[in-house]
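Let's take a friendly walk through a protein model together. Have the sequence and the 3D view ready, and turn the view as you read.

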Amino acid sequence: MNVQLFVPCFVDQLYPDAAMNMVKVLRKAGCTVRYNANQTCCGQPAFNAGFWDDAKTVCSKFLADFDADSYIVAPSASCVGFVRNYYSKLFTEGADAQKAKAIGEKIFEFSDFLVNVLQQTKFGARLEGVATYHDSCAALRECHLKTEPRTLLAEVAGLQLVEMNDVETCCGFGGTFAVKFEPISINMGEQKAENAMATNADYLISTDLSCLMHIGGYIDKKSIPLKPMHLADVLASGW
């Protein structure tokens, strides 16, 4: 299967290893991965900040950079959720609206694609220890993903998954929310980190690196022995 790779700007700039590990897993699953180096942002930051005209310019480029003839896979439920659910608010008529709809049907978050499209869950991954999983708001509420990441983690040899309290509660990042409402954001991140720590887990796993960065800030500050890991990093472990 031919797959287009979408690497969000956040991942590209701060966590490129997660994107590379996603490619490794997709190739192991039998996919031919294509990456358009001209791609940039999906437009979500500008849209969420209320700059819809600026966002539309960026989103138009996204539509030009990808096609609807093959699947698009990304290591970010946040970006996928934005393209699927909000491009229709920017492109309401004409060819752009039609392509936005077609692209929205072809773009998938990594775990969603593996489980529901490829129907593959075993990749020979091995990671010794205890893990707890964080449901990002975008994965849970915009992409409707709950069981998919856990199904994949259940097949990782040596890994025990323990659920934390209030697992579906937001971590407090929320993009610009963390900037505009810093004290609230920090307290929410602290609460999420404390819930994760209470499981005595070695790893904190999620589909969204923005969440992991936010929670990880508290973990680093307190020198807590809990390692944040993207799902792609886990699935590429041990082989």
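Before we look into any pocket, one term needs settling: lining residues are those that have an atom within 4 Å of a point of the pocket. Keep in mind, too, that this is a predicted model.

Now to the largest pocket, which holds about 650 Å³ of space. Which helix gives the largest share of its lining? That is α5, with four residues. Helix α5 covers residues 77-90, and it is joined by α1 (9-14), α3 (44-48), α8 (137-142) and α12 (209-221) in supplying at least two lining residues each. In total 29 residues line this pocket, and the closest to its centre are Gln44, Ser78, Phe173, Gly175 and Ser210. Sorted by class, the lining has 18 nonpolar, nine polar and two charged residues.

The second largest pocket has a volume of about 190 Å³. Among its 13 lining residues, Tyr15, Leu209, Pro228, Met229 and Asp233 are the closest to the centre. Here the largest share comes from α12, which gives six residues. Helix α2 and strand β8 (227-230) also supply at least two residues each. The classes are seven nonpolar, three polar and three charged residues.

Strand β8 leads us on to the sheet. Four strands form this open sheet in the order β6-β5-β7-β8, with parallel pairing. Its edge strands are β6 (157-161) and β8, each of which pairs on one side only. On average, neighbouring strands are turned by 35 degrees against each other, ignoring direction. Look at β7 (residues 203-206) beside β8: four bridges join these parallel strands. One example to find is Ile205, whose bridge partner in β8 is Met229.

Our last stop is a pair of helices. Two packed helices are described by the angle between their axes and the distance between those axes. For α2 (residues 16-28) and α7 (residues 110-118), the angle is about 10 degrees and the axes lie 11 Å apart. Angles under 35 degrees count as roughly parallel, and α2 and α7 are therefore roughly parallel to each other. Met22, Val25 and Leu26 of α2 meet Phe110, Phe113 and Leu114 of α7 in this contact. By class, the contact has six nonpolar residues, with no polar and no charged ones.

How values were computed. Residues are numbered from 1 along each chain as its sequence is written. This is a predicted model: local features need pLDDT of at least 70, side-chain atom pairs count only at pLDDT 80 or more; totals for chains, interfaces and linings use all residues. Side-chain values use heavy atoms; hydrogens and water are left out. Axes are lines fitted to C-alpha atoms, for helices over the stretch in contact, and angles run from 0 to 180 degrees between N-to-C directions. Angles under 35 degrees count as roughly parallel, over 145 as roughly antiparallel, 65 to 115 as roughly perpendicular and the rest as oblique. Contact means heavy atoms within 4.5 Å. Ala, Val, Leu, Ile, Met, Phe, Trp, Tyr, Cys and Pro count as nonpolar, Asp, Glu, Lys and Arg as charged, and the others, Gly among them, as polar. On a 1 Å grid over the protein atoms alone, a cavity is a set of points where a 1.4 Å probe fits but cannot get out, and a pocket is an open set with protein on both sides within 12 Å along at least five of seven lines; lining residues have an atom within 4 Å of a point. Grid points are joined across faces, edges and corners, and a volume is the space filled by probe spheres set on the points. Two strands pair if DSSP finds at least two bridges between them.
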